[in-house]
Each structure stands twice: as C-alpha cells, then as structure tokens.
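Please open the model in a viewer and keep the selection panel at hand.

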Amino acid sequence: MTDDFPFTEGQTARASLVIDERVISAFAEFSGDRNPLHVDREAAESYGYARQVAHGVITLALVSRLIGMEIPGPGALWRGQEIEWLAPVFLGDRLEVRLTVRRASRAGRTLVLLTEAFNQDGRMVMKGEARVSVVEKISDRREVTPRENRVALVTGSSRGIGAAVALRLARSGMAVVINGRTMTDDLERVSQEISVAGGRVIAEPCDIADPRAVAALVDRATRVFGALDIVVHGASTPISTVPVQEVAFEDVKTLFDVYVGGALALLAAAVPGMRERKFGRFVVLGTSSLLGTPPAGNAAYVAAKSALWGLVRASAVDLGPHGITVNMVSPGLTVTQLVEHVPARVKELEARRSPMRRLATPADTASVVAFLTSDEASYVNGQNLPLVGGPV
Amino acid sequence: MQDRVLEVCAQVFGVPASSLTDDSSPDDIAGWDSLSHVQLIVALEEAFAVTLTPDDAMDMLSVRLIKLVLTERGAGLD
Amino acid sequence: MSVAMTTGETIQEARRLEQAPPPSLRRVRVAIVSTFTAEFLRPYLIVAGAQRGLLVQPVFGPYGQLEQELFNAASGALSSAPDVVLIASRLEDLAPALVDHAVGLDGRDVEGALQQTVARIEALALGLRRVSTAPLFVFNAVEPKLLPLGLASTLHLPSTSAVVEQFNAALAALARRQTGVFVFDVSRVALEVGLENWADPKLQYMARVPYGASGARAIAQRLARYVRATVSPPCKCLVLDLDNVLWGGVLGEDLMAGIKLGADYPGNVFRAFQRQVLALRERGILLAIASKNDEADARQVLERHPDSLLRPEHFAAMQIHWQDKATSLRAIARDLNIGTDALAFFDDNPVERQWVKSQLPEVVVIAVPESPLGYAAALDESGAFDQLQVIEEDARRAAMYGEERQREVVRQRTPGVDEFLHDLGTRLRIGQVGADVLPRVVQLLGKTNQFNLTTRRHGAGELQRLLDDGAVAMWLRAADRFGDHGLVGVAIAVPGPEGAWRIDTLLLSCRVLGRRIEDAFLATLRMAVKSRGGRQLIGEYLPTAKNHIVADFYRDRGFEDLGGGTWRMPLGADASAPTPSISVEFAENFIMGE
C-alpha cells in the first residue's frame with residue numbers, strides 16, 4: 001500500500017503565472033474588487049505607479065493551487081494563513097510562488113508550509129506561512145473506472161454507511177443522487193463534500209416508504225443526469241431493541257415499508273431504463289444478523305431485512321437476463337449513528353471476536369458497493385456479501 | 001479501577017503492567033491461554049469483590065472488555 | 001498460616017519461586033494425574049509448598065488419562081522421576097452413576113460399582129509400583145453440594161452420602177493394604193472450607209475446575225503438609241512454656257490459686273489446650289517443658305492443680321529455671337537423646353520465640369497467636385507433628401520414655417555392662433520383613449539418624465524392589481523386664497558377585513543402644529547371609545552429621561578395612577551365634593536357608 005502522507009521537511013513545490021489583463025479582469029469580475037489602482041492604468045499613474053497593481057490575493061490563488069494540487073495535493077484542507085505583502089505586483093509581472101514544508105506531523109496529519117512569492121527580478125513580494133490538514137480518504141485509492149459516466153442513486157445517504165457509499169461512488173466518477181428522508185444539514189454536507197471534490201451530485205430528500213415519492217425521485221434523477229444505472233438502497237428508520245413478545249406487527253411493517261416497499265418501488269421505477277440500456281446494478285444493505293446468530297431483541301429488524309434478502313434472491317433471477325444484477329451487502333456491527341444505542345461492551349466484544357479485531361467501518365461497505373456496482377462485477381448476482389472480517 | 005485491572009492482568013499473565021494497554025488481548029499476550037483465563041476470572045472476582053457470570057467470563061477478550069464488564073458488574077471506577 | 005494472598009498475588013509469587021527458587025527450599029517433584037483440570041491448583045500449591053519449606057515442582061498429566069500416565073515410566077507425569085505421585089480424582093468422574101443416580105441403583109449395583117472403582121485405583125497403584133517407588137496419594141470423595149434425595153437422604157439406602165462414605169472407607173482400606181499408598185483427605189478439606197464456598201459452578205462447567213479459589217487454596221495448603229510429611233519426619237518432642245500456655249496468668253504473680261485453668265472462661269480455654277497436648281502424647285509425641293519459673297512452684301501446679309490434665313509423668317523432660325530457653329532446649333534434646341531439629345517450641349512470648357529461632361534455627365518455632373483461643377489451631381496448622389500414618393510403636397513411644405527412666409536407675413546401680421544387660425532381661429525377636437511390618441520398617445529407615453551405618457531412606461517401593469531382587473531384610477524387636485520397645489532395628493543385605501553380600505542397611509533405634517543388641521543383630525545377619533550361600537559380608541559406613549557413633553562399628557567387630565568407608569568380613573565356619581547374654585527368638589517366617 002502506498003504511503004498516504006509522503007511529506008518531508010524541506011520539500012518544495014513551485015508554480016508561476018504571468019499577470020496579464022485577463023487575470024486581473026477575471027479576478028475583478030468575480031470578486032467585485034474594481035479598485036482603479038488594479039483595473040485602470042491612468043488611475044494607477046495618478047497614484048504614482050507606472051503600471052496597474054495586481055490584486056494581492058492573486059498571489060494567494062497560486063498558493064491555493066499548490067496546496068490543492070501539489071503539497072499536500074488532493075485531500076488538502078487549508079486551515080490558516082499568515083501573510084505579509086512586501087512589494088506590489090504589477091501587470092505584466094511574472095509571479096513565482098514557492099511552497100516549502102516546514103513541519104510535517106504524520107500523527108496530526110498536518111503540514112506547516114512556508115509560502116513565498118517572487119517577481120521576475122527575484123524580488124520577494126510576499127511571505128507567509130500556511131497551516132494545512134490532510135484529510136484521510138474514506139476509501140481506498142483504487143478507482144474502478146466505469147466504462148462511461150454512470151449515474152447512481154443512494155437512498156439513506158445523509159450519513160453513516162449510505163453517505164460513505166455516495167462519496168465513494170462520486171469519487172469513482174459517477175453522478176450521484178443522494179437522499180434522506182428530509183433535507184437535513186447532514187444531507188447538505190454530503191452534497192457539498194461531493195461537489196467540492198468536483199463530483200456531480202443532487203440531494204433529493206424523499207420518504208422511501210412512499211412509492212409515489214420514489215417514482216418521482218427516480219424520475220428526477222433520470223431527468224437531471226440523463227439515466228439511472230445504479231441504485232443502492234440503504235435507507236432505514238431508527239431501530240430499537242425490544243423483546244419479540246413486545247414487538248407489534250406495526251413495528252415490523254414500518255421497517256418492511258422502507259426496506260421491501262422501498263426496494264420494490266425503486267425496482268419498478270428504475271428497471272425499465274436499465275433494461276433499455278442492458279445495464280443495471282441494485283445493491284441493498286443487509287446485516288450480519290442474517291448470517292449468524294442475531295443479537296437479542298432485534299426481531300422486527302431481522303424479520304424485515306430477511307424479507308429484503310428474499311426479494312434480492314428472487315429479483316436477481318428475474319433481472320439477470322437484462323444485464324441487471326441484484327446483490328446484498330451485509331456488514332457486521334458498523335460504527336454509525338444507527339447503533340449509538342448499542343452498549344460499548346457489545347461493540348467491543350463484536351470487535352474482539354472478529355478475526356480482524358475491529359468493527360466494520362462505513363468505508364468497508366462503500367468499497368464493496370463500489371465493486372458490485374462496477375462493470376467488473378457483472379457476474380456477481382443474487383449474492384449476500386458478508387462483511388464481518390472473517391468466515392461466516 | 002483502571003490500574004488495578006492492569007495489575008491483576010500483569011500478575012496472572014506474568015508481564016509488566018506497563019506493557020499492557022486497553023487493546024491488550026490474547027492476540028498479543030502469550031500467557032493468555034484458556035487456563036490463565038480461568039485464573040484471571042478468579043483473580044478479578046477476588047480483586048474487585050464481584051461475581052462474574054459465565055457470559056462475563058467469555059466476553060473478557062481484551063483489557064478494554066474486562067473494564068467494561070467490571071463496570072457493568074458494579075466494580076468501582078476511580 | 002500466613003496472611004492469605006489473593007489469587008493474583010499467588011500466581012505472581014508462584015512464578016517468582018519457579019524462576020528464582022530460594023536455595024533454602026527443598027525440591028519435591030509432584031506428579032499429578034487427574035480426572036479434571038488440576039493445573040488450576042498449580043500456583044496455590046507452589047506457594048503453599050514454599051510456606052512449608054518446599055519447592056514443589058508439579059507436573060501434570062492430561063486430565064482423564066490415569067492409566068496412560070501411571071503405567072508408563074516415560075509418560076508426561078512420570079518422566080520427571082517424581083518424589084510424590086497424586087491421583088486427583090473425583091468420584092463424580094470415576095463413577096458418575098454412583099453420585100448422580102445412586103438413588104436409582106439397588107444395593108448390589110452400588111456394591112458392584114464401588115468395588116469396580118476401588119479395584120481400578122488398586123490397579124493404578126500396582127501399575128505405578130512397577131515403574132516408580134514414589135508414594136502415592138489418592139483423593140477421597142467429597143459429598144456433592146446437592147443431594148438428590150434432599151431431606152430424605154439420611155434414611156434412604158443407597159443414598160449419595162452413604163455411597164461417598166462407603167467409597168472413602170474402601171479407599172482407606174486399600175491404603176492400609178497397599179504400602180506406599182495414602183489417602184489425601186480432600187473430603188475433610190471440603191468440610192473445613194464448607195461446600196458453600198467449595199466450588200464455583202462457572203469454573204466447573206466452563207473449565208472442568210471443580211474448586212473455586214478458596215477450595216483450591218485449602219487443598220494446596222493441606223497437600224503441602226502431606227508432601228512435607230512424606231519427605232521429612234515429624235518433630236519428636238513438643239516443648240511447652242507454662243505461663244499463658246498451659247494455664248492463664250503468671251504463676252509467680254498469681255500463685256496457684258490465681259492462675260486460670262478450669263471449667264469456666266478463660267480457664268477452660270487452657271484446659272482444652274492441655275487436652276490437645278495430651279492427645280499428641282497419646283500418639284507418641286514426647287512432651288517437655290521449658291519455662292522460666294520456680295521449679296518447685298511449677299511442679300506443684302502440675303501435681304496438685306485439680307483442673308490440670310497434664311501431670312509431671314506426662315513430660316519426658318523439664319527445664320524449669322531462669323536460664324535462657326535455647327539452653328533449655330539443648331538440654332531437653334540431650335536428655336531425650338534426640339536432635340534439636342526434632343523439637344517443636346510453643347511459647348506465647350514472641351521475644352523467647354525470636355531468641356530460640358536465632359540460636360537454634362533448626363527448631364520448629366510455632367507461630368503462637370496472641371489469643372489463647374487460637375493456640376489449638378496454631379499447633380495443628382504448624383504441621384510440626386504431621387505424619388501420614390500413626391502406628392503402634394508411635395503410640396507407645398511416650399510411655400517407653402517413662403520406662404527408660406526406670407532402666408536408667410538399673411544402669412546406675414549395676415557395675416558391668418553384662419550384668420546390666422542380664423538384669424534388664426533383654427529379649428530380642430528377629431523376623432523377616434514382610435508386608436505386615438513394612439510401614440514401621442519404612443518409618444525407621446526414614447528417621448533413624450544416629451545408629452544408622454548408611455542412612456539410606458528407602459521408601460516402601462524401593463524396599464519391595466530390594467526384596468524382589470533377593471535381599472535379606474530383617475527386623476528386630478526388643479523387650480525387657482520394664483517393657484516392650486517394639487520394632488527397633490532393621491538390617492538389609494543384598495547379594496553381589498562371588499558370594500559377597502553388601503550390608504545395605506543396618507540401623508537401631510537410639511533408645512536400645514549400648515546393650516550389645518547390635519552385636520546380636522549383626523551375628524544373626526551373618527548367619528542368615530551365610531545360610532544363603534554368602535561367603536563374605538561387605539559393610540559400609542556413610543558418614544552424616546549425626547551417625548558418628550557408628551564410625552568404627554565395623555572395625556570394632558573385626559571387619560577388614562578396604563578403604564573409602566568399606567569393610568569386609570569373610571563368613572567362615574566360625575560365623576558366631578548371637579551374644580549369649582541376650583535371648584534371641586526367631587519369628588516363624590524367619591528362614592535360615594536350606
């Protein structure tokens with residue numbers, strides 16, 4: 001595996017830019033900073049300068065480029081900057097910016113960078129220091145490149161496993177429709193994170209238990225991105241621990257409506273387009289409780305997920321001939337908000353009993369979903385993939 | 001409680017308490033076998049004046065789990 | 001004993017003892033075969049052993065493999081050449097039906113199953129005997145905590161309790177029948193601990209560990225006493241202080257009328273302690289007094305106090321004066337003709353105890369608690385008088401010391417040795433060692449120090465092997481007009497090449513020395529060896545710290561010095577008859593050869 005923090009003190013990166021009319025006017029345009037000193041040669045003269053003075057922040061744009069693309073590069077989060085402009089930069093100058101790593105903390109995943117800018121005469125025009133964090137990638141670097149740009153809908157992706165799946169699919173180049181029951185800050189954050197990383201995304205809140213809302217959701221996805229190739233069904237409602245004799249059928253129905261009802265509605269809406277294109281991927285979220293001994297007090301949950309598994313097996317048979325696969329991924333206890341109520345002892349025990357000695361992470365599920373939704377997984381169909389860190 | 005858990009583990013498994021962490025488990029402590037696990041259960045019951053159930057005994061798969069189980073059984077936290 | 005360690009501390013201490021054994025500890029290898037996970041006992045046993053001066057090195061066989069482990073000298077348990085072998089068994093495992101379903105069986109079924117189980121243990125003992133001479137201890141049965149019949153248990157036959165009782169009786173009978181086999185009374189240990197605290201069902205069902213920490217600790221402590229009794233002899237004499245030991249108060253201040261001894265508290269506590277001391281005497285432990293007191297006053301209490309159970313004649317020696325107690329103990333040992341290491345000292349004054357410890361480290365100084373209520377337990381717990389078997393001679397010993405005082409009177413009156421012997425009317429009886437006397441013979445081999453040419457401490461197993469190999473082994477009993485000394489001599493000669501027989505062992509108990517009994521015994525040995533075709537006797541003297549009195553034994557009797565402590569005597573036609581002044585009688589089993 002490659003080192004994801006390959007930075008050493010003294011390491012440098014450079015970028016240069018000729019400050020022409022285009023640069024200055026573009027900056028003035030989007031920033032609204034039309035100070036005559038910057039945009040009007042005569043005005044500049046009247047202030048005693050022979051040439052227009054460039055916006056100081058343009059120097060920082062080059063710093064931003066180096067941080068975002070070179071050191072540390074993608075994953076960089078620019079957290080702070082000290083800056084001192086030492087001399088003006090003029091229209092026509094050739095600006096060179098240099099970054100030097102001053103301190104690199106692997107433990108904190110942070111860098112302190114010396115930022116310097118010079119003009120064509122070698123004169124230092126700016127000096128400063130940047131603090132940068134390097135965000136850990138949620139998923140592994142290995143990209144599954146789709147044959148063409150696919151479109152994926154991920155239900156229940158405002159947080160937890162669904163959010164990790166949406167981010168992972170976006171990273172591999174898919175346009176992603178993310179969904180939660182309502183528009184929440186969480187959903188907004190996932191949307192932003194994808195678009196900041198350059199992905200295509202729309203956030204569409206909707207109740208998955210409502211078939212008409214689901215049909216509308218699929219319709220909107222198709223209209224925005226032109227098609228819907230992949231559906232990942234991870235939506236759930238909160239789960240509580242109740243002994244079976246206290247479980248009302250209504251409790252099962254509520255979950256059943258989301259898992260099975262939602263899946264049926266998604267299939268009904270998405271399959272026609274997939275059949276046309278002879279390509280489709282359904283992945284639904286299962287649970288390791290389907291594989292081994294379920295934890296106590298989970299009757300409604302296990303019953304509803306079991307029904308969903310039945311639906312997966314049956315629809316895999318029906319849809320296989322059309323190039324559509326239907327699979328389930330069943331992670332073990334995963335650290336998400338959905339299991340906040342699970343006692344620490346139970347979580348730790350699950351981790352100790354796993355051969356990998358840890359709980360599942362959302363990223364584990366995301367990378368398996370990425371594989372199952374790729375072209376490479378075209379022969380995996382009707383399966384329930386256990387993600388429990390060992391044999392089932 | 002934290003330190004006494006480490007002390008009892010150190011006594012039973014024959015390792016310095018300073019080498020133990022919450023993550024210590026049979027994976028990295030050579031002396032943690034089925035017999036010493038039984039001894040550990042007995043030693044913990046004595047040291048913390050608690051009675052452990054068979055499930056407790058089976059769940060104590062790491063130092064962290066030992067602490068969680070003891071806390072559940074009412075052993076005082078410092 | 002000492003303050004109980006926690007299990008964690010015990011495990012740590014056991015590890016420390018194994019990694020860096022203190023040189024003062026005596027190493028004892030203990031092989032343990034079991035019907036359960038006996039390894040759980042290991043740290044408790046090592047620590048309890050160390051508290052008794054032993055470095056116990058336990059070796060465990062895999063559980064449930066009794067025959068495989070005991071019938072094979074190369075098995076995991078036996079390959080270490082153990083000094084002691086232990087069968088840690090539970091009746092529940094040996095004969096589950098007997099414990100679980102005794103109620104459903106008829107009397108014959110129970111009888112049959114019990115016989116079968118005891119026969120299995122006997123076969124194990126005999127099998128072990130073929131490959132090892134180590135003494136064997138067998139756990140007896142503990143009553144289960146829950147009785148299937150509940151309240152009706154006592155009246156019903158067969159009941160679980162009755163089955164356990166019968167089994168234990170049969171096991172004890174087996175141990176009496178087979179030399180070198182002993183019962184480890186785990187049933188008694190369970191009684192002391194209490195069944196409520198005995199087992200932890202969790203350990204039983206999850207790990208086949210039938211005892212919890214308190215059970216394991218108690219078993220280990222008792223086992224350490226058994227093991228120590230195997231490798232070292234008990235103390236021969238209990239030396240007692242008087243004030244605040246045999247009575248409450250200080251005689252010099254409270255006077256006879258003021259000391260506490262009687263039917264009411266606190267006098268009854270001291271009276272009970274006297275009773276316990278007297279019981280020791282009845283099983284052969286000598287009693288002595290070392291007290292700083294006025295001798296006449298003290299004697300008066302022993303003679304006249306209406307509630308004193310102990311009387312002057314119960315004491316084999318008395319040192320009552322104002323000299324220091326180490327001096328008193330040395331004098332007592334000299335009077336009784338025993339080593340100071342055979343003394344146990346009981347004194348309520350910690351300063352006296354410390355003084356004796358520092359002056360005579362070999363004396364067993366009993367840790368006496370402050371409260372007299374703890375005296376009895378401290379005396380027992382000290383293990384100073386632990387012995388695996390009390391035999392007839394033991395019980396007579398204390399009385400015999402009384403007789404010795406009368407003989408001393410005759411000795412002082414009589415001018416010549418021969419006359420003295422004649423006056424004593426010594427009668428010897430000599431016989432061939434057989435199963436009937438084996439325990440006593442082994443006991444003598446184990447503890448005779450002074451008149452012992454070779455000090456070979458054979459156990460029953462080794463002795464049996466010598467006999468199987470054709471050795472002549474003779475016992476000697478002595479009596480005189482004052483009383484019977486019992487079995488006091490052992491001689492063993494083993495055949496070698498060219499008719500040279502080596503005297504493996506020649507010993508006499510010190511209480512019959514100086515009467516020419518040894519000459520009669522040696523003469524008989526010569527006759528016996530000659531009658532078996534022996535042409536010469538080879539004698540050896542192996543010096544120890546205590547047997548210098550026999551350094552010149554063979555020289556004085558005309559043996560030729562071969563050097564290196566080896567002596568030779570040809571067995572010509574003149575092989576003499578026993579000394580005329582002593583009458584020698586031979587037991588029926590004594591065969592002089594063809």
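Begin in chain A by selecting strand 10 together with strand 11 (residues 324-331): the two run parallel and are joined by six bridges. Strands here are DSSP runs of E with at least two residues, helices are runs of H or I with at least four, and both are numbered from the N terminus; two strands pair if DSSP finds at least two bridges between them. The model is a predicted one, in which local features need pLDDT of at least 70 and side-chain atom pairs count only at pLDDT 80 or more, while totals for chains, interfaces and linings use all residues. Residues are numbered from 1 along each chain as its sequence is written, with chains lettered from A and ligands numbered from 1 in the order in which they are written.

Within this pair, display A:Phe282, which stands opposite A:Val326 in strand 11 of chain A.

Now select strand 9 (residues 230-233) of chain A, which runs parallel to strand 10 of chain A and is joined to it by four bridges. A:Val232 has A:Val283 as its bridge partner.

How many residues of strand 10 (residues 280-285) of chain A are buried? Six of its six residues are, where buried means that 20 or more other C-beta atoms, placed from the backbone, lie within 10 Å of the residue's own. A:Gly280, A:Phe282 and A:Val284 cover one face, and A:Arg281, A:Val283 and A:Leu285 are buried on the other.

Move to chain C, which has 22 helices and 18 strands. Of its 594 residues, 44% are buried. Select strand 16 (residues 560-563) and strand 17 (residues 566-570) of chain C, an antiparallel pair with three bridges. C:Asp561 stands opposite C:Trp567. The two strands form a hairpin with two residues between them, and C:Gly564 in the turn has a positive phi of about 65°.

Finally, select the contact between chains B and C, with 13 residues from chain B and 16 residues from chain C; residues are in contact if their C-beta atoms, placed from the backbone, lie within 7 Å. On the chain B side, helix 2 of chain B gives the largest share, seven residues.

How values were computed. Two residues are in contact if their C-beta atoms, placed from the backbone, lie within 7 Å. A residue is buried if 20 or more other C-beta atoms lie within 10 Å of its own, exposed if 12 or fewer, and partly exposed in between; C-beta atoms are placed from the backbone.
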